[in-house]
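Here's a quick briefing to read alongside the structure. Grab your viewer and let's walk through it.

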Amino acid sequence: MASTPKSTPVSPERKQNKSTTLDTSHPIEVRKQIRSHGLLPPNVESHALQAQRCLKQLASKTTSIEKYIYLSNLRNANSHLFYRLLLDNFSTLTPILYTPVVGEACLKWSEIYQRPEGLYVSWHDRGNIANVLRNWPKPKVEITVVTDGSRILGLGDLGVNGMGIPIGKLNLYTGCAGIRPENTLPLCLDLGTNNEAYLKDPLYLGARMKKVTDAEEKEFLDELMVALNTVWPGIVVQFEDFKNPFPALERYQHKYSCFNDDIQGTGAVILAGIINALKATGKPVKDQRAVFIGAGSAGVGVAKQIVEFFVKEGLTEDEARRCFWFVDTKGLITNDRGDKLAPHKIYFSRDDNNGQQFRDLEQVVDYVKPTMLLGLSTIRGAFNKTVLEKMAQLNDQPIIFPLSNPSSNAECSFEEAVKYTDGKAIFASGSPWLPFLYKNKILQPSQGNNVYVFPGIGLGAILSKAVHISQEMIYASAVALSNATNATEINDGKLYPDMDRIRDVSVIVCREVIKEAQAQGLDRETSIRGMSDADLDAWIRSRMYDPYKETGVDEGVQGEKIRGSPVKKSLL
Ligand SMILES: O=C([O-])CC(=O)C(=O)O
Ligand SMILES: [Mg+2]
């Protein structure tokens, strides 16, 4: 291998991470400049040819998990190529990198593990968290997705196996919102697990200890938030898949630039879907009756954002709140049910049931006569044939949202929703389903997944340098998403934009989040105040990572030089 001449400085990062520069699309001049000449096979390939090989290799993998591992390896071998492939095949690759296959990957994480890919911070690191963060090899971190693995999708407590989720979400941050991959930090907290099977599994990669108490978790998270903001001031923090996320959200949301994806991100996306569904049915909000099955943090978070919308549409908060009925494992949540309700359930608990109690969903549907049914219960089949048939008898266009993830936990499939409502359902699910042919018409499912907003919210917070992420900024993301759905999509019966337009959608969401931050005086980036929408969009785009523009040369400026003018002869 040629030694590096003194005249060509190679950054320490580049030395450590040479792999990202080994790209068969690099022209010979680039290969010579970055000293990868000879390390690559001679043919200089087009991006299209590279993609063709990757898709062929991917197709040769027979199981979803093999496809997942293939894509992880590709990302580590050549991140720009990986992101080019993702951008060009978004709707095909997302179900592998993200829900549902990422769920399977998390379940098997200890078996399929090959490399860390993120940072693990343990209970035993308390008192020393900032120093552990400083071990992260990349100098700049703009955003982190952090989980403690205690409620991974609808799969329960998976401990450190939950690391697949921050990795998957951050892949989408880069793919959808163009945050540079090296500026993202997947973060998994090992605060113990109550998953007995994992604790007994010799291959399990986490500490052999039970989950710490709520008070201990609070102490740990307080130190973590200070440490993150000390090591990377202004870092945006996305909380993900915590079993009990409300306390942390309440504690930090006015103090740091952070949000909870499961409460606020999912809430915003579902609200956008509901806004579009109500436009389709034409029924006013005052006539809506929403039954939620599953009264965990996500369900309550989603409903509270819909309450906000109903209030903006003219109801009082009390009138809006009373449009919701929640069902948990014990039945309809009422004040006189005889059990002690968890604090987050009290807001929606009913007091108008005249002593009647309803144990199952069918009884609740008969009693409430809902216009919409939303599932965040992780109970596959909870929206059974009878329930769906009843919804179709009650409504011309019943709104059916089985939102639990992954698909194996969804309350019903798209096919079931179509068949049992005779094609009348207005449908959105959390995980993807295939289109379904019904009565000679191909019907398209909508996927109400938080991926529609979290990348734009995170990018908006980064670019506006928001001091914190307000509920109004989250609400703005929901309205932006509903407006981003175009006429063709609406005519096709869709509630959300096509996934293949996700980059454009993320720009729109980001712009509206920035504008709301500006309106509330939460922004610190003064140079973009007062810009028109078009100028702001162009400014946002100019800051987004584009894997097609990466030359493999360290700094973008040098890359520009290579593209713009011939590289100096002396370097060749
Ligand atoms: O990851 C997803 O697909 C959506 C989500 O946040 C969850 O289900 O927890
Ligand atoms: Mg989640």
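What follows covers the ligand site first, then the strands and a helix. Keep in mind that this is a predicted model.

**Ligand site**
- Ligand 1 has T99, L153, D241, D261, D262, N405, G430, N449 and N450 around it.
- Why does ligand 1 lie between domain 1 and domain 2? Domain 1 (96–256) and domain 2 (264–450) both contribute residues to its shell, so the ligand sits between them.

**The seven-stranded sheet**
- This is an open sheet with mixed pairing, and its strand order is β8-β7-β6-β9-β10-β11-β14.
- β8 (331–332) and β14 (446–447) are the edge strands: each has a single partner, so one side of each has no neighbour in the sheet.
- β7 (residues 324–328) runs antiparallel to β8, and two bridges join them; V327 has L332 in β8 as its bridge partner.
- Helix α15 (residues 297–312) packs on this sheet and touches β6 (290–293), β7 and β9 (372–375). The direction of α15 makes about 160° with that of β6.

**Around β4**
- β2 (residues 143–147) and β4 run parallel, joined by four bridges; the partner of V146 in β4 is F239.
- β4 also pairs with β5 (residues 258–260), again in the parallel sense, over three bridges. Here Q238 is bridged to F259 in β5.
- Side chains in a regular strand alternate between the two faces of the sheet.
- In β4 (residues 236–239), V236 and Q238 point one way while V237 and F239 point the other, and all are buried.

Definitions and conventions:
Residues are numbered from 1 along each chain as its sequence is written. Chains are lettered from A and ligands numbered from 1 in the order in which they are written. This is a predicted model: local features need pLDDT of at least 70, side-chain atom pairs count only at pLDDT 80 or more; totals for chains, interfaces and linings use all residues. A residue is near a molecule or strand if its C-beta atom, placed from the backbone, lies within 6 Å of it. Domain bounds come from an automatic or database domain assignment. Two strands pair if DSSP finds at least two bridges between them. Two residues are in contact if their C-beta atoms, placed from the backbone, lie within 7 Å. Axes are lines fitted to C-alpha atoms, for helices over the stretch in contact, and angles run from 0 to 180 degrees between N-to-C directions. A residue is buried if 20 or more other C-beta atoms lie within 10 Å of its own, exposed if 12 or fewer, and partly exposed in between; C-beta atoms are placed from the backbone.
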